[in-house]
Amino acid sequence: MKIIITGATGFIGRNLAERLHEDGMKVVATGRSLTTGSELQKKGMTFIQADIKDLDQLNTAFSPADCVVHCAGKSGDWGKFNEFYETNVIGTNNVIKACKKNHIEKIIFISSPSIYFTGKDRYNILESDPIPERQFYYGKTKLMAEKSLLDRAEKGPAAIILRPRAVYGRYDNTIVPRILQLSKKKNIPLINNGNAMVDITYVGNLTGAVKNCLFAPDKAWNEVYNISNNDPVSVREWFGLILKIFNRPFYPKNIPEPVAIAMAGMMEVFSRLPFGNKKPSMTRFSVGYMARSMTMCIEKAAQGLNYSPRISNRQGFEKYKLWLETTRGHKSSYS
Ligand SMILES: NC(=O)c1ccc[n+]([C@@H]2O[C@H](COP(=O)([O-])OP(=O)(O)OC[C@H]3O[C@@H](n4cnc5c(N)ncnc54)[C@H](OP(=O)(O)O)[C@@H]3O)[C@@H](O)[C@H]2O)c1
């Protein structure tokens, strides 16, 4: 099988590129970072630099293949709408066009469950549950990208959309490193005592899901699937587990949600001032996302993709720690 991966220089795409390459598939990795690209090349993969906002670059980077896994994207809770739109919507439309031009009939898209966020607790969310109209820029543009892919389902390429929540594992530069950084402070702030229930996803479970997609029957295509470890935890348990595995002390400090919202609101205002111009360390969205329970049902992926998360929450963190310890550069930056 020949698989083209966008965003192969990022956390999820790189994990996927390495896994498919190790499994003997021909991987064409694309992204913008030449540094990471050359590391992928050293491992035996083809790397082609391409910006997904530029259709000509994508047309050149793509070639006939069995499938494109589209991982490139702009995520986050802060930034201008246009920045999200250009990468997540125009970029995805370009991926679709480049697939058509290169006779690629299948796209797997890494979307996000943040589109489910309503600001209220939600449990066991199904893919078919109503999606709130009001969305933050990230969720809004991921949803628009999903629609572009599914609207074109009739004319091809066929698409599978995966919505994995809170992915962690090797090359992760956000979630776990942030928690480890926080642990250097005396107290770790937990909104509403960290009682919100959340799903988390070990990256190896996600790459396993993508592999299953590659071999999925026709009826599984043009569908959306939730992906997680299928073991929801409270934020408090989640942070506690990470810090226990990394042998760090855990002194949580409760921050009531209204207080956190007020602080985040002020930080946002400050960031918008001409001299502020810096990403706030928390936003009203990030507060809500950590304060509210959001768990998903993965039964559809189990049925349609034969997905079964093999690595538990704990095993995933243990694997990640082992990887950090054997990767000297990463170890020094987080310890
Ligand atoms: N991590 C999670 O917990 C999570 C959860 C749900 C969904 N997702 C989704 O999964 C995807 C990958 O996330 P990630 O965590 O791996 O993010 P990441 O580490 O930030 O990687 C993003 C990737 O997108 C590439 N990219 C961004 N803009 C691009 C552009 N204009 N042209 C070409 N490449 C571009 C980056 O390339 P360069 O680095 O070379 O610039 C990088 O390879 C994203 O679409 C995200 O929405 C992530």
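**Ligand shell and helix packing in the predicted model**

In this predicted model, 24 residues surround the ligand, with Gly 7, Thr 9, Gly 10, Ser 33 and Gly 73 the closest; a residue is near a molecule if its C-beta atom, placed from the backbone, lies within 6 Å of it. Two or more residues of this shell are given by each of helix H1 (11-22) and helix H4 (81-101). Helices here are DSSP runs (H or I, at least four residues), numbered from the N terminus. The largest share, three residues, comes from H1. By class, the shell around the ligand holds nine nonpolar, 11 polar and four charged residues. In this scheme Ala, Val, Leu, Ile, Met, Phe, Trp, Tyr, Cys and Pro count as nonpolar, Asp, Glu, Lys and Arg as charged, and the others, Gly among them, as polar.

Residues are numbered from 1 along each chain as its sequence is written. Because the model is predicted, local features need pLDDT of at least 70 and side-chain atom pairs count only at pLDDT 80 or more, while totals for chains, interfaces and linings use all residues.

H1 also packs against another helix. The axes of H1 and helix H7 (residues 203-214) come within 10 Å and cross at roughly 60° (axes are lines fitted to C-alpha atoms over the stretch in contact, and angles run from 0 to 180 degrees between N-to-C directions). H1 is therefore oblique to H7, as angles under 35 degrees count as roughly parallel, over 145 as roughly antiparallel, 65 to 115 as roughly perpendicular and the rest as oblique. The crossing of H1 and H7 is right-handed, meaning that the near helix is turned clockwise from the far one by less than a right angle. From H1, Ile 12, Asn 15, Leu 16 and Arg 19 meet Val 203, Leu 206, Thr 207 and Val 210 of H7, contact requiring C-beta atoms, placed from the backbone, within 7 Å. Five nonpolar, two polar and one charged residues make up this contact.

A second pair is formed by helix H8 (residues 235-245) and helix H12 (residues 313-326), which pack at an angle of about 40° with their axes 10 Å apart. H8 is thus oblique to H12, and their crossing is right-handed. Leu 241, Ile 242 and Ile 245 of H8 make the contact with Asn 313, Arg 314, Phe 317, Glu 318 and Lys 321 of H12.

As for confidence, the protein has a mean pLDDT of 94, and 96% of its residues reach 70 or more (pLDDT is the predictor's confidence in each residue, from 0 to 100).

Notes:
Two residues are in contact if their C-beta atoms, placed from the backbone, lie within 7 Å.
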